[in-house]
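Morning, everyone. Let me put the model on the screen, and then I'll walk through it.

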Amino acid sequence: MKSILTHQLFRRFITAAAVLAVVAVMTGPAGSTEAPTAGFTGSFSERSSFFGFFETVRWVPFLFLALVFFGVWTLWLSRGAQIKSGVSQVMQVPRAATQRRPVRWGIGVVLLFVALILPHVINDPFWQAAMVEQIAVYVLLAIGLNVVVGFAGLLDLGFVAFYAIGAYVTAWVTGALPTPPLFGIHMDPFFAIPIAIVIVMVAGIVLGVPTLRLRGDYLAIVTLGFGEIITIFANNLYGITGGSQGTSLIPHFSLHIGPIKYVWGLAPVPYYYLTLVFVVIFLLAFSLLEHSRVGRAWTAIREDEVAAESVGINPLKYKVMAFAIGASTAGFAGVVTASQSNNIFPSSFSLAFSINILVLVIFGGMGSIFGVVLGALLIQTGSMYLLHSPPAGYQSSDLYIYLGALLVVMMIFRPAGLVPSRRRRREIVLSEAGEGHMNEVLTGDQP
Amino acid sequence: MGGFGHYLASHLVTMRKEFWFLFVGGVANGFLYGMVAVGYTLVYGVLRLINFAHSEIFMSGGFAGYFVMKALIGTSSPNGFATVYLIIIGIVAGGVVGAVVATLLERVAYRPLRKRNAPKLAYLISAIGASYFLFNMAGKEFGRYSISVPQPYINHTVFTIFGAPVQLYYIVILIAGVIMLLGLDRVVATTKLGRSIRAVAQDAETASLMGVNIDRTIALTFIVGGALGGAAGFLFGLGTGVVYTMGFTPALKAFTAAVLGGIGNLRGAMIGGLLLGVAESLSVVFVQAAYIDVVAFGILVAVLLFRPTGILGERLGRAA
């Protein structure tokens, strides 16, 4: 009996079954305090269709999936190395091709073209709105957080604070708050962009200078607290922020250049193009930054702070810089969302928002701009799909269960992300081997 | 000058009137913070990491207590000995569930990374993911609304101290807190488990050479910290009610308490918790109640700025 319980295959099967049981509960019906077991029992005993073939109780398909998972796992353990090397050999050609600059530019132009015609292909109003509010803006936020988390290796959990500051600055500058606007005039949201970015960067510096000297985990918790504090202030300073009601008087963007006059309205497509322009600008700026002197300083600090300091890099200066630059995109995104939706509520600036952006960066690949954009597109499209046509038993807040689980799974199985930055992957491999054995690892890692 | 002087003077008068009242509430809160803070400090000692998911251990203890109280009390109103054993059962339930959640957390979110010697950022991210997963899962299964816990006693003022009423609820927290924190202190200082925890905290590699089973010690550390966190969750829920997001703010404050006392320092965490609880409670005189959380955050930033090693200093692996 004991030999069965400790047998490797048995343990593996139990683990596979446990994982699928958790998935069953995650996707199952909800419970309540009155019926706390309803969610759990319902997850297994509720009737559902077996991939559309026939109806059965839920535990049957999940047991089947557990068996499949067990099989794949066992196969991976015996053939995994072979499959990996095979895939990496096949990927050799495209990987080498994407290294070349003309190919990269070509891909970029094609993607930009797709992005330009996309709103004319998709006519569904839900998706057109989602493309601006939930996808384009989130891509922007993700590439901003990528500077902080990916380039500089700092964990910022209060990204939402800068987004909120951006939104409130827009409301302030355009005269939508109880506070008198800047210079006493109601400005167009376009003017809010530079003002918001400057204020957000200053906030980033003020928060960053004291905390960035400290260990990384302290930074995470201080930024976490900062995100909450901003919401508390926004909620309670009635005379300044409008309190929990927020404001709904923020005007749309409008453009007056000589005879040209254009006003962005309720339609999402013009906002899509406006955001796209800024996404492209930030993308170009950050990819130039990555390989600039500053970007190399970030890499150096991330890899070995002491060594970086010894060659004359001031870690604090560069960390604060990354923090402020990353925050600027959040500030900008705040301007766009505030102006597009005309209203802001303190309750929308929650921790969930920061975590959501973090998931985009981690899933796509810390430090890899292409990866982060891809990750943001995939996850946000997925979560919008869940919102648009929710499966049975899904509540909109369940999204965060999946996002949380995704973070853990990524850290266990693919810490460098979907499309890893080469540098990041190498760092993780080095760290895992103990940094002392660099050569050994390098020879082992190279194909 | 006159304005501010007047402001301060009027508030000091309020302070003198309300001091003991606020102080009693602050001490009770302080014990709860201390019980959660030792969880942070213990895990920090063995792993050199902030356990971001500790708030969910607290939350699960709260829910465990709620369900046990609901099952045992129903609509009756217990008193006398019934109260005593109900509270003990509640604490045990909270502690056991807290310890189970902590163990699962260590197994799933930490151990695979530790086996791979992953970079620190990976641990933080995985812990945040686990925390997010856990509390949203609780929201799904138990409803996303706040609910009050059936009371094992009729809360009343037992005695007064300088005219300030001391409620039964505070006395329960005080007794439970003192017993558990003293117990923990003794366990870490005198037992074999405590010795191995201290050894791993001082130098994990050497400890393993000396025959300390590191995996087992880390797992037990999570269990001990989790049990206290879960018990604190039950006691907190008794007064404030339970909701799936209940862990966030108390855990952030408990972390502040741990840093205030000196992270890794067990007695520091206890003292930090008490200090923070009292300071926060007294600050009501000067700021509106809505900004109480801001005060704790301000203390955290101030400590990190001026004395990042805390009041008692970071002391990893020494007997308290």
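Ground rules. This is a predicted model, where local features need pLDDT of at least 70, side-chain atom pairs count only at pLDDT 80 or more, and totals for chains, interfaces and linings use all residues. Residues are numbered from 1 along each chain as its sequence is written, while chains are lettered from A and ligands numbered from 1 in the order in which they are written.

The chain contact. Chain A gives 43 residues, and chain B gives 43 residues. Contact here is C-beta atoms, placed from the backbone, within 7 Å. Which helix of chain A has the largest share of the side that touches chain B? That is H9(A), with 11 residues. H9(A) covers 216-236. Other elements giving two or more residues include H3 (38-45) and H8 (189-211) of chain A. Helices are DSSP runs of H or I, at least four residues, numbered from the N terminus. By class, this side of chain A has 25 nonpolar, 14 polar and four charged residues. Nonpolar is Ala, Val, Leu, Ile, Met, Phe, Trp, Tyr, Cys and Pro; charged is Asp, Glu, Lys and Arg; the others, Gly among them, are polar.

Now helix pairs. H6(A), residues 125-151, and H14(A), residues 315-341, cross at roughly 170 degrees, with axes that come within 7 Å. Axes are lines fitted to C-alpha atoms over the stretch in contact, and angles run from 0 to 180 degrees between N-to-C directions. So H6(A) is roughly antiparallel to H14(A) (over 145 degrees). Among the contact residues are A:Leu140 and A:Phe151 in H6(A), and A:Phe323 and A:Val336 in H14(A). The classes are 16 nonpolar, five polar and one charged.

Over to chain B. H9(B), residues 248-261, packs on H11(B), residues 292-306, at about 30 degrees, axes 9 Å apart. That makes the two helices roughly parallel (under 35 degrees). The contact includes B:Lys253 and B:Leu260 of H9(B), and B:Asp293 and B:Leu300 of H11(B). Seven residues are nonpolar, two polar and two charged.

Last, H7(A), residues 159-173. Its 15 residues reach 22 Å from first C-alpha to last, close to the expected 21 Å (1.5 Å times one less than the number of residues). Buried or exposed? H7(A) is mostly covered, with 15 of its 15 residues buried (20 or more other C-beta atoms within 10 Å of a residue's own). Just after H7(A), A:Gly175 takes a positive phi of about 80 degrees.

Notes
Parallel < 35°, antiparallel > 145°, perpendicular 65-115°, else oblique. Contact = placed C-beta atoms within 7 Å. Buried ≥ 20, exposed ≤ 12 C-beta atoms within 10 Å, placed from the backbone.
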